[in-house]
Amino acid sequence: MCGIIGIVSHDAVNQELYDGLTVLQHRGQDAAGIVTSDGRHLFLRRKNGLVKDAFRTSAHMRKLKGKMGIGHVRYPTAGSSSQSEAQPFYVNSPYGISLAHNGNLTNSDTLKRELFEQDRRQINTESDSEVLLNIFAQELHRQNSYRVCPEDIFQAVAGVHDRCRGAYAVVAMVTRDGVVGFRDPHGIRPLTYGSRKTSKGIDYMIASESTALVTQGYKIERDIEPGEAIYITHDGKVHTKQCAANPTYNTCLFEYVYFSRPDSVIDNVFVHKARMRMGYKLAEKIQNEWKDHDIDVIIPIPDTSRTSALEMAMTLGVSFREGFIKNRYIGRTFIMPGQKQRKKSVRQKLNPIDLEFKGKNVMLVDDSIVRGTTSKEIVQMVRDSGAKKVYFASASPPVRFPNIYGIDMPAADELIAHNRTEEEIGEYIGVDRVIYQELQDLKDSVTEGNPKLVNFDCSVFNGEYITGETSEYFAALQTRRADSSKKKNKKRSAVDMSNSQ
């Protein structure tokens, strides 16, 4: 999962891009990058680490000149954590194009071969985003225009849709001409745009989440539709067009469960409200299946589960308490690249308040249980704090299958729910009872906010993949992205960093 942003303004965009990326930092903590244009030249900086680490000095910011630009925060699923794979990427032909991507292409190996054999384009990294950039560049090159016009952009995006499979929300910039945003025909990854009136005219922003817009005074216009492209010229003219033959909404359910900020609106659904409904439906399930429950207190595992836990407590008439103090300077454990690092960081990240647990039957609430590592460590902390009984509720269904659309849970044998019953999961993480959200209830929690959303990407829960990948693809993916492979990639990244210093 990554965060992307693009701005066309009447003033310098470097600070707004930086501020927007800090708002999207929860979507990726591995690397950050910004590229700007003054209409003739590009100015690029990208580096491993948080946004504040990538742009440490005022000199870094002053070098990013121009009134339009794009930015990216990276969370690696394809490729490695090498600094060479930080985004945005750039290719000089045609016109000079830079691109930032959120998602994952499932046919990138095939596309890489095509680019070399048919188009004579060399891919320099293992990143599928570089593949996507070159596909877009080649499709734009086919238009054979001296200067870019909106129809050239839309024809190129249509060509991307024809050739690329998987999930992709994209911002791209043509150096002299403008900023492009587009979304895959299934709308798996989010993308929205907004405008802001100034004394000089109207500025525009495209971003992964609406909160990046509203925190800087932009009015949300709407979400980019699945398959749609938006092209904003350097002088502020907006062009949009549907570029896919049969677009359908298959929004990722995990955006609402975990990834998106609660103050964001994704595909016209308030994430906060969706999470409230998740908590209410969990409470209904307990009322139906466990009428004589003995829960004394409901405690969320901060932060994403807090909204669901509070609604669950109110519906059940049970006390809600904050039982953990969170260290704000530790990254999100789910998106840390290795199992050992995730496990080590749990106790650094959360510290229990013993008096909230001692002698009580505690219901812990989390957004999900993925690998089970974090949950198991937390349950043991709660028992060590004196809890009498420990129950665990997940706002999402069991995560049983790999994700191939940009979320780092690809190796099935790393998922705690894969080939295990709920009772076995509860035993593994050490709780007296585990309660999962029903998949239909999760869908309903989102659909209630926008009835247009009927179909979802819920492949991690039911194993159904809208893009129809083969078993061979999953076997290769599991080998490439297992934690053991990430250790090798991490070593390579360390060498890259050493060589670059």
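Q: How do helix 4 and helix 5 sit, oblique to each other or roughly parallel?
A: They're oblique: the axes of helix 4 (residues 108–117) and helix 5 (residues 128–141) come within 10 Å and cross at roughly 45°. Angles under 35 degrees count as roughly parallel, over 145 as roughly antiparallel, 65 to 115 as roughly perpendicular, and the rest as oblique. Axes are lines fitted to C-alpha atoms, for helices over the stretch in contact, with angles from 0 to 180 degrees between N-to-C directions.

Q: Which residues make the contact?
A: Ser108, Leu111, Lys112 and Leu115 from helix 4, plus Asp128, Val131, Asn134 and Ile135 from helix 5. Contact means heavy atoms within 4.5 Å.

Q: Where do the numbers come from?
A: Residues count from 1 along each chain as its sequence is written, and side-chain values use heavy atoms, leaving out hydrogens and water. This is a predicted model, where local features need pLDDT of at least 70 and side-chain atom pairs count only at pLDDT 80 or more, while totals for chains, interfaces and linings use all residues.

Q: And what's a helix or strand here?
A: They're DSSP runs numbered from the N terminus: helices are H or I, at least four residues, and strands are E, at least two.

Q: New topic: what's the strand order in the open sheet?
A: The 7 strands run 3-2-4-1-10-9-11, with antiparallel pairing. Two strands pair if DSSP finds at least two bridges between them.

Q: Which are the edge strands?
A: Strand 3 (42–48) and strand 11 (219–223), each pairing on one side only.

Q: How many bridges join strand 1 and strand 4?
A: Strand 1 (residues 3–8) and strand 4 (residues 68–74) pair over 6 bridges, with Ile5 opposite Gly71 in strand 4.
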